[in-house]
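Please review the following briefing alongside the sequence and the structure. It is arranged by topic.

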Amino acid sequence: MDYNKLAELLFPHITKDPAEYEALYPQRELPMGAKVTRLGPSPTGFIHLGNLYGAFVDERLAHQSGGLFYLRIEDTDDKRQVDGAVEAIISSLEFFGVSFDEGATMDGDKGEYGPYHQSQRAEIYQTYVKQLVQRGAAYPCFCTEEELSAIREEQESLKENPGYYGKWAKHRDLSFDEIQSRIEAGQAFVVRLRSKGIPGGSGEARTISVEDGIRGTLTMPENEQDVVLLKATGIPTYHFAHVVDDHLMRTTHVVRGAEWLPSLPIHVELFQTMGWDLPIYCHTAQLMKMEDGNKRKLSKRKDPELSLDYYRSEGYHPKAVREYLLTILNSNYEEWRMEHPDAPQEAFPFTVEKMSNSGTLFDLDKLNDISKDVLVKIPATELASFLIEWARAYKPEILALLLENQDYLIKILDLGRSGDKPRKDFIYARQMFDFISYFYDDYFQQEDAYPDNVTAADASVILSSYLESYDHQDDQAQWFDKIRGIAQANGYAAKPKDYKKNPVQYKGHVGDVSTVIRIALMGRSMSPDLWEIQQILGEDKTRERIQRMI
RNA sequence: GGCUCCAUGGUCAAGCGGUCAAGACACCGCCCUUUCACGGCGGUAACCCGGGUUCGAUUCCCGGUGGAGUCACCA
């Protein structure tokens with residue numbers, strides 16, 4: 001078989017030589033040890049926490065080593081394209097603080113190693129495939145879907161490994177004439193690798209071992225499959241695109257999810273037959289979800305609530321999400337954070353060795369807890385703008401309300417946050433607004449009932465005397481003395497301790513009296529300090545609400 | 001089913017041959033407090049099973065079991 005002739009038959013339009021590309025994309029000039037990483041999302045319009053998790057690893061690895069991090073769009077599957085998906089991905093990642101040094105951007109590609117959209121690299125891939133055909137390392141296959149599934153069925157009935165390999169590779173040794181006549185007949189074809197692997201069934205199977213940055217030495221059987229390199233459309237499969245691109249773009253570290261582990265042998269054989277060095281693979285653990293008592297990998301289809309857009313629309317602060325991801329990313333992050341409560345996240349010395357390699361369950365409680373700690377450190381003015389921006393995008397009906405009096409909003413958000421032990425009331429924007437909503441008349445409503453030990457009659461008396469004695473000018477001590485007085489006058493202990501000593505003697509204590517007032521004013525039993533709230537609310541509104549409750 | 005990865009409390013997770021087996025979240029109790037929080041203190045709770053190796057295994061090896069992932073002209 002004259003492979004050169006075959007290559008010309010298959011790729012008459014390809015005139016470039018691979019060497020041209022090697023020259024076009026030279027070794028990068030970077031300091032020793034600098035890592036080049038990349039994120040390669042496919043634009044299906046959906047990006048979730050797991051993607052962000054991986055992106056952080058890439059980003060940290062690159063920037064901590066003085067290297068660079070680029071974005072490559074892996075749009076080789078024409079059936080799954082979603083309009084605007086690339087923009088959505090970039091905007092989502094940007095919101096959560098992931099930025100790229102190179103690659104696809106909102107306004108086109110940036111960088112010397114592009115194009116960064118795989119769909120625009122067809123000629124490059126074909127040039128390399130042509131070379132492979134010339135060397136006899138790849139061949140055209142005309143099998144139809146039906147033929148392929150027939151092979152599979154037969155393999156299943158014989159209990160042999162499924163796939164296109166060895167004796168099952170029907171078109172592996174087609175004659176030139178046969179190929180030519182099929183092409184002239186207009187038959188579609190894919191190009192397959194002529195794998196050098198020895199089929200496992202023969203008992204001669206060999207193994208390969210690969211050093212993984214996270215997992216150490218990986219041992220697995222070598223590849224035996226004649227995998228598809230180029231689809232009938234002339235666009236490569238992931239496998240081939242990965243190998244060509246990461247070589248040409250000079251990627252040093254390939255960070256990807258553990259679901260890629262099974263196809264690692266394919267990539268190893270591909271790198272070998274191309275004669276290129278293997279990048280360092282870092283296979284990260286999957287983010288899992290609990291379902292029916294079992295852990296399960298996060299799925300794009302089934303778990304829309306784990307999409308990045310979900311967190312954005314709930315109003316989680318990007319810093320909080322990052323902080324959470326960092327804590328599950330590196331086992332010593334939490335410890336480091338306790339020692340450096342105010343250090344920026346970038347100061348953390350991230351290492352792949354400290355990454356967990358078993359599946360991590362996503363824990364909303366933990367995220368919420370971390371979020372509280374993060375938000376408490378953000379100044380009220382910043383929090384106010386954050387809340388406003390969130391409302392603009394996700395809850396426009398409250399936007400005018402927030403914008404109307406921003407000083408008021410800032411005061412509200414700042415309640416109880418000064419001092420050594422600030423309150424940690426805020427978790428995410430949607431919850432924040434719920435939490436402070438009673439400050440706005442349109443959203444003020446009775447949510448909680450009076451304590452059980454306070455009768456309706458008592459409550460009414462308490463409120464009446466409170467209103468009567470209320471002086472907006474009172475300082476906190478004066479104000480509270482009056483409440484003590486009201487408590488005592490109505491059979492409630494002025495101090496909780498008195499009540500505890502002698503529970504039978506009282507109906508309750510001053511706390512119950514405060515709760516009645518609190519419910520009248522806020523409609524709920526949980527809120528920051530009463531006196532401070534009244535100062536923000538103003539005298540008129542305070543009186544009005546008490547009056548209405550009576 | 002083949003192949004691969006993983007295995008410490010409910011969850012996350014230290015540990016890397018000898019520890020009363022850290023810590024965080026959640027949960028419970030107490031304290032502080034005018035309530036709610038915040039904070040402080042304390043508590044319940046774990047090395048999947050069976051063989052080895054060793055003076056000694058959570059830790060190393062083998063075998064089970066369990067969970068997960070993957071077997072496409074998807075990535």
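D245 counts as buried because its relative accessibility is 0%, where buried means under 20% relative accessible area, exposed over 50% and partly exposed in between, with a 1.4 Å probe and protein chains only. This is a predicted model, in which local features need pLDDT of at least 70, side-chain atom pairs count only at pLDDT 80 or more, and totals for chains, interfaces and linings use all residues. Residues are numbered from 1 along each chain as its sequence is written, chains are lettered from A and ligands numbered from 1 in the order in which they are written, and side-chain values use heavy atoms, with hydrogens and water left out.

**Surroundings of D245**

- D245 belongs to helix 8, residues 238–248; helices (H or I, at least four residues) and strands (E, at least two) are DSSP runs numbered from the N terminus.
- The side chains of D245 and R121 are joined by a polar contact of 2.8 Å, that is, a pair of N or O atoms within 3.5 Å, of which, within protein, one must be able to donate a hydrogen and the other to accept it; residues adjacent in sequence count only if both atoms are side-chain atoms.
- Leaving aside residues up to four places away in sequence, D245 touches Y70, R72, Q118, R121, Y125 and R250, contact meaning heavy atoms within 4.5 Å.

- Four strands form an open sheet in the order 1-2-3-4, with mixed pairing; two strands pair if DSSP finds at least two bridges between them.
- Strand 1 (36–39) and strand 4 are the edge strands, each pairing on one side only.
- The average twist from one strand to the next is 20°.
- Strand 2 (residues 68–71) pairs with strand 3 (residues 102–105) in the parallel sense over 2 bridges, and L71 stands opposite G103 of strand 3.
- Strand 3 pairs with strand 4 (residues 108–110) in the antiparallel sense over 3 bridges; T105 stands opposite G108 of strand 4, and a hairpin of 2 residues joins the two strands.
- Helix 3 (residues 49–64) lies across strand 1 and strand 2 and runs at about 160° to strand 1.

**Helix 18 and helix 21**

- The axes of helix 18 (residues 456–469) and helix 21 (residues 510–522) come within 10 Å and cross at roughly 75°; axes are lines fitted to C-alpha atoms, for helices over the stretch in contact, and angles run from 0 to 180 degrees between N-to-C directions.
- Helix 18 and helix 21 are therefore roughly perpendicular to each other, a class covering 65 to 115 degrees, with under 35 roughly parallel, over 145 roughly antiparallel and the rest oblique.
- A459, I462, L463 and Y466 of helix 18 meet V513, V516, I517 and A520 of helix 21 in this contact.
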